[in-house]
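Trainee: Could we take a close look at one part of this model together? I'd like to go through the place where the ligand sits.

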Amino acid sequence: MNITSAEFVVSNSRADMCPDTNLPEYAFIGRSNVGKSSLINMLTGRKSLAMTSATPGKTMLINHFLINKEWHLVDLPGYGYAKRGKKAMQQLQNIIEYYILERKQLTCLFVLIDSRLTPQKIDLEFIEWLGEHGIPFGIIFTKADKNKAGELKKNVGTFLAKLAEQWEELPPHFITSSEKRIGRAEFLDYIESINQSL
Ligand code: GTP
Ligand code: MG
């Protein structure tokens, strides 16, 4: 898929205030700082379309981006950033959960996983929660450029093996680097194939 246009539409804190269209929607979720916003910029080829930061907790709202005037890409706040305090963290959690459970247009949710890490409890529990609620999801491994040779494959393999303990069929998964623009075509072609099947 070629990206011919990418525009910011709206930010808000509630699923029922998101754009009132029937366009298919794909959202990025994952731990704070995993690279959700950076990936949106890499995929769209627009350097600062989504706001990024080296400090975790940058994205605080649900952000809709209209791609090719045909589908929405959604940047969500990260989970698991404890420094903000319990109340604020719970508030973000509510925003995220309400969006995921209520947003009818959500066609596939992509869980971003830092490719440098061993499987993290918080990510595995989140994926389990998606399963309990029957939410269609895929996995995107991020920051592939930050791995030493051999490590990337090992980490991805370990994570998928962990998922295979719970899931009969593995979800679609992608390996990406926003820094080195890895995985762009594979991901966008996948979205195109889903859009065409709808
Ligand atoms: P929150 O909005 O806080 O939840 O974070 P986020 O998941 O949107 O992360 P963001 O895209 O803001 O990136 C966090 C940091 O990781 C930034 O300093 C990025 O430059 C860096 N980063 C993101 N993707 C990559 C990547 O593929 N490679 C490298 N080397 N750094 C990356
Ligand atoms: Mg962000």
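Which residues surround ligand 1, and which of them are the closest?

Mentor: Bear in mind that this is a predicted model, where local features need pLDDT of at least 70, side-chain atom pairs count only at pLDDT 80 or more, and totals for chains, interfaces and linings use all residues. Residues are numbered from 1 along each chain as its sequence is written, chains are lettered from A and ligands numbered from 1 in the order in which they are written, and side-chain values use heavy atoms, with hydrogens and water left out.

Now, ligand 1 has 22 residues around it, the closest being K36, S38, G57, D145 and S178 (a residue counts if one of its heavy atoms lies within 4 Å). By class, that shell holds three nonpolar, 12 polar and seven charged residues (nonpolar means Ala, Val, Leu, Ile, Met, Phe, Trp, Tyr, Cys and Pro; charged means Asp, Glu, Lys and Arg; the others, Gly among them, are polar).

As for polar contacts (pairs of N or O atoms within 3.5 Å), S178 puts a backbone N or O atom 2.7 Å from an oxygen atom of ligand 1. A polar backbone atom of N33 is 3.0 Å from a ligand 1 oxygen, and for S32 a side-chain N or O atom is 3.3 Å from one. The protein covers 88% of the 650 Å² of accessible area that ligand 1 has on its own (Shrake-Rupley method, 1.4 Å probe).

Notes: Polar contact = N/O pair within 3.5 Å; in protein donor to acceptor, adjacent residues only side chain to side chain.
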